[in-house]
Amino acid sequence: MIKRLLFYFLLILLGILLYQNPNFKTISAGIAILLFGMIMLEEGFKVFTKGPLQNILKSATNKLYKSITTGAMVTALIQSSSLVSVITISFISAGLISLAGGLGLIFGANIGTTATAWLVAGFGLKVKISALALPMLVFGIIFSFQKKVSLKGIGNVLAGLGFFFLGIHYMKEGFDVFKEYIDLSQYAVPGFFGVVVYTGLGIVITTILQSSSATLALILTALAAGQIEYENALALAIGANVGTTITAVLGAIGSNSAGKRLALAHFIFNMVTGLVAIVFIYPLAKLVNNASDFLHIANTNYTLKLALFHTIFNIVGVILMIPFIKKLERILLRFYKERSDKDIDEPKYLNPAVLQFPGAAISALIKESKFLYQNSVFEIVTHALNIHREDVKSDKKLKTVIQDSQTDFHTNVEDLYYTKVKSIYSEIIRYASTVQSTLTLNNKQNKAITDIKIANRKMVETIKDARELNKNITYALSQGNDYLTKEYDSYRKKLVKVLRVIYLFRKEEDAIVYEEKLKDLKKEAKANIKHSNKSIDKLIRKNLITAEMASSLFNDYANVSDMIKKLIEVAELLYGKKDSLFEDNGYD
């Protein structure tokens with residue numbers, strides 16, 4: 001509510017400023033065009049995140065220096081630290097990388113964002129970039145209308161760069177015109193007090209623009225036009241770095257634990273870096289002057305010196321934080337624990353932040369579905385059979401397992417379904433439907449999500465079948481009829497055999513052997529559904545069981561065969577189609 005009111009207030013304020021001072025509109029238009037260009041750049045690079053980019057980020061986190069370097073290089077290339085952050089959150093959520101590896105990528109991304117300052121200071125303000133921007137826009141728009149996804153992505157990147165450069169051009173022109181009426185440099189605040197004031201102003205501007213890169217472009221163009229003093233520009237750059245964490249924190253409010261941890265780490269890093277830069281701003285400014293002399297940067301070239309300052313204090317921040325990464329990881333894991341203390345189980349991997357990336361979203365759905373089967377469905381079905389899970393996983397003979405499991409577990413399948421399955425199942429279906437309705441998917445990705453939805457539906461159906469079977473097993477134990485018990489023991493043995501083969505199959509040790517066994521068991525289950533159970537007929541004829549007992553046995557005979565069929569189909573969909581599910585998603 002507060003965020004919405006602030007947004008409306010800023011819109012009204014912007015309208016008043018544009019009305020009162022028409023010269024301000026050129027700067028505002030430049031900022032708007034630049035921001036739009038950055039959005040198009042991000043959209044363009046999303047096309048290429050399905051495979052190579054995600055593989056690069058995933059494989060570069062086993063060593064800290066690799067993750068920092070990769071985070072910096074990728075961010076410098078794609079000009080979007082938020083894109084790198086979202087992919088990193090998705091990897092951590094899906095358990096593909098450690099939190100420490102993710103922290104390295106984020107710290108590196110902060111260094112990578114300094115590339116914007118170098119691009120603007122070293123190129124954007126030296127060349128008549130409007131002449132370069134227009135051809136980029138022309139070719140970018142032509143490519144963006146193509147049907148081929150890769151061409152569309154290239155088009156968005158070119159158009160994004162075109163708008164980015166055009167925005168800088170308008171901002172530069174705007175400040176030049178603006179100076180004829182108001183010279184903002186007259187309001188410069190000298191000394192350390194000025195550093196604090198302008199740092200705060202940098203935080204406010206970045207919070208409004210939602211982009212530290214856009215803020216830096218604004219600062220550099222204002223500095224080039226002589227509208228702000230160099231010392232105040234340094235403080236504004238520090239504020240821009242701190243302000244970008246506000247966006248990350250707001251974005252992580254609705255995220256899962258992984259998203260909150262990474263946002264908090266980003267906040268801590270930028271706050272520490274900002275405080276160090278403020279306290280040591282004068283020694284850092286002196287270091288910049290010495291480095292400028294070494295790099296042959298003119299003493300009056302304040303825009304390049306600002307870009308150098310921005311890079312140095314971000315690198316200093318990373319160097320300061322490296323020794324504390326492991327400690328920071330422990331604190332974050334302790335501070336944001338997985339929500340396992342609630343009565344109702346909740347999704348573990350379905351992170352809203354990754355919904356804009358097909359590969360990451362599909363990976364999250366697969367992980368969540370497997371987690372649901374392994375930690376809930378497997379437990380509920382085995383306990384409904386009055387069997388311990390460890391007995392299913394063991395190498396005990398099935399006959400021995402059944403003989404040793406004659407005690408009623410008093411399992412309430414209904415309660416277990418509502419506490420351990422229903423909420424997660426509902427979220428999986430909602431998440432999958434959102435992905436299919438909002439993202440552009442290829443046929444393989446679309447089929448993968450459909451398979452995931454089918455697998456989850458069959459898991460729920462199996463639990464409902466297990467509920468009915470559990471009632472009749474409990475009834476059989478209470479009757480003290482050895483013949484009835486023997487029949488239900490044969491049913492339990494069939495199901496335990498399937499559960500064991502699935503367990504061995506999903507472990508991926510000799511998976512091909514167990515895949516063949518599952519196919520045979522599935523054929524057998526289909527055949528059983530079509531044929532009557534002659535042993536039950538024999539028991540009725542000899543009056544060894546009552547008509548009520550026979551009715552339960554006949555119903556459960558078909559029920560068990562159906563459960564076997566569904567369990568095997570779930571295993572095939574989740575564990576037997578790895579290539580089709582993971583290919584083209586960056587998770588092979």
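Analyst: What follows moves from the whole chain to its core, and then to the loops and charged pairs around that helix.

This is a predicted model, in which local features need pLDDT of at least 70 and side-chain atom pairs count only at pLDDT 80 or more, while totals for chains, interfaces and linings use all residues. Residues are numbered from 1 along each chain as its sequence is written, and side-chain values use heavy atoms, with hydrogens and water left out.

The chain has 26 helices and zero strands, where helices (H or I, at least four residues) and strands (E, at least two) are DSSP runs numbered from the N terminus. Of its 588 residues, 51% count as buried; buried means under 20% relative accessible area, exposed over 50%, and partly exposed in between, with a 1.4 Å probe and protein chains only. Among contacts (heavy atoms within 4.5 Å) with a separation of 6 or more, 79% are between residues 24 or more positions apart.

The largest nonpolar core has 77 residues, and Tyr 373, Leu 385 and Tyr 431 have the most contacts inside it; such a core is a set of buried Ala, Val, Leu, Ile, Met, Phe, Trp, Tyr and Cys residues joined through side-chain atoms within 4.5 Å. Helices that each supply at least two residues of this core include α17 (358–384), α19 (398–403) and α20 (413–438), and the largest share, 14 residues, comes from α25. Apart from this core lies another, of 51 residues, among them Met 171 and Leu 216. Leaving out residues up to four places away in sequence, Tyr 373 touches Phe 378, Met 459, Leu 499, Ile 502, Arg 506, Leu 567, Val 570 and Tyr 575.

In the loop between α17 and α18 (389–393) sits Asn 386, whose phi is near 60°, a positive value in a residue other than glycine. Most residues other than glycine have a negative phi. Asn 386 is buried, with a relative accessible area of 1%. A phi near 60° is also found at Asn 543, in the loop between α24 and α25, but Asn 543 is exposed, with a relative accessible area of 67%.

The loop between α19 and α20 holds Thr 411, which counts as buried at 15% relative accessibility. The side chain of Thr 411 reaches the backbone oxygen of His 383 at 3.0 Å. Beyond its neighbours within four places in sequence, Thr 411 is in contact with His 383, Ala 384, Leu 416 and Asn 470.

Turning to charged pairs, a search of the whole structure finds 17 salt bridges, each being a side-chain nitrogen of Lys or Arg within 4 Å of a carboxyl oxygen of Asp or Glu. One of them joins the side chains of Glu 379 and Arg 389 (3.8 Å, N to O); because Glu 379 lies in helix α17 and Arg 389 in helix α18, the pair ties together parts that are ten residues apart in sequence. Glu 379 is buried at 13% relative accessible area, whereas Arg 389 counts as partly exposed at 30%. Glu 390 forms a salt bridge with Lys 393, their closest N and O atoms being 3.9 Å apart, and these two residues are separated by about one helical turn because they stand three residues apart in helix α18. Glu 390 counts as exposed at 55% relative accessibility, and Lys 393 as partly exposed at 32%.

Technical notes. Polar contact = N/O pair within 3.5 Å; in protein donor to acceptor, adjacent residues only side chain to side chain.
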